[in-house]
Amino acid sequence: EGIQKGIQKGIQEGIQEGLREAIELGLKLKFGVEGLKLLPEVESIKDIKALKAIKEAIELGKSLEEIERFCQKFHH
């Protein structure tokens with residue numbers, strides 16, 4: 001059971017890391033170096049659904065401020 005939990009945790013962390021890398025690339029491509037200022041905020045988000053939503057929001061968002069407000073919704 002402990003091994004299974006360890007494997008599951010590793011999978012979750014891998015998914016989170018992949019999403020964070022996608023978010024980083026999206027921010028950089030859409031907003032340039034200025035977009036990378038959101039990375040510390042994104043790094044603190046652990047929820048995979050939230051990270052997926054942020055990734056999609058970058059594609060659809062009009063401004064960096066809009067994306068920043070969206071990210072802040074996931075901090076409690």
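Because the model is predicted, local features need pLDDT of at least 70 and side-chain atom pairs count only at pLDDT 80 or more, while totals for chains, interfaces and linings use all residues. Residues are numbered from 1 along each chain as its sequence is written, and side-chain values use heavy atoms, with hydrogens and water left out.

The protein contains 4 helices and 0 strands. Helices (H or I, at least four residues) and strands (E, at least two) are DSSP runs, numbered from the N terminus. From the N terminus on, the order of elements is α-α-α-α. Along the principal axes, the C-alpha atoms fill a box of roughly 45 × 25 × 20 Å. Of the 76 residues, 30% are buried. Buried means under 20% relative accessible area, exposed over 50%, and partly exposed in between (1.4 Å probe, protein chains only). Contact means heavy atoms within 4.5 Å. Among contacts between residues at least 6 apart in sequence, 69% join residues at least 24 apart.

Two helix pairs were examined for packing. Axes are lines fitted to C-alpha atoms, for helices over the stretch in contact, and angles run from 0 to 180 degrees between N-to-C directions. Angles under 35 degrees count as roughly parallel, over 145 as roughly antiparallel, 65 to 115 as roughly perpendicular and the rest as oblique. H1 and H3 pack at about 15°, and their axes are 9 Å apart. The two helices are therefore roughly parallel to each other. Their crossing is left-handed. A crossing is left-handed if the near helix is turned anticlockwise from the far one by less than a right angle, and right-handed if clockwise. H1 contributes Gln12, Ile15, Gln16, Leu19, Arg20, Ala22, Ile23, Gly26, Leu27 and Lys30 to this contact. H3 contributes Ile48, Leu51, Lys52, Ile54, Lys55, Ile58, Glu59 and Leu60. By class, the contact of H1 with H3 has 10 nonpolar, 3 polar and 5 charged residues. Ala, Val, Leu, Ile, Met, Phe, Trp, Tyr, Cys and Pro count as nonpolar, Asp, Glu, Lys and Arg as charged, and the others, Gly among them, as polar.

The second pair joins helix H3 (residues 48–60) and helix H4 (residues 64–72). Their axes come within 10 Å and cross at roughly 165°. That makes H3 roughly antiparallel to H4. The crossing of H3 and H4 is right-handed. Ala53, Ile54, Ala57 and Ile58 of H3 meet Ile67, Phe70 and Cys71 of H4. The residues of this contact divide into 7 nonpolar, no polar and no charged.

Gln16 lies in helix H1 (residues 2–31). Its relative accessibility is 12%, so Gln16 counts as buried. Residues up to four places away in sequence aside, Gln16 touches Lys46, Ile48 and Leu51. Ile67 is found in helix H4. Ile67 counts as buried because its relative accessibility is 1%. Beyond four places in sequence, Ile67 touches Leu27, Phe31, Leu38, Ala57, Ile58 and Gly61. The C-alpha atoms of Ile67 and Arg20 are separated by 14 Å, and these residues are 47 apart along the chain. Leu38 lies in the loop between H1 and helix H2 (39–43). With 1% relative accessibility, Leu38 counts as buried. Neighbours within four places in sequence aside, Leu38 is in contact with Leu27, Leu64, Ile67 and Glu68. Leu38 and Ile15 are 23 residues apart in sequence and 19 Å apart in space, C-alpha to C-alpha.

Side chains of opposite charge can pair when their charged atoms come close. The structure holds 3 salt bridges. A salt bridge is a side-chain nitrogen of Lys or Arg within 4 Å of a carboxyl oxygen of Asp or Glu. Lys5 pairs with Glu1, the closest N and O atoms being 3.7 Å apart. Both Lys5 and Glu1 are exposed. Lys9 and Glu13 form a salt bridge (3.7 Å, N to O). Both lie in helix H1, 4 residues apart, about one turn of the helix. Lys9 counts as exposed at 53% relative accessibility, and Glu13 is partly exposed at 40%. Lys37 pairs with Glu34, the closest N and O atoms being 3.6 Å apart. Lys37 counts as partly exposed at 45% relative accessibility. Glu34 is partly exposed, with a relative accessible area of 47%.
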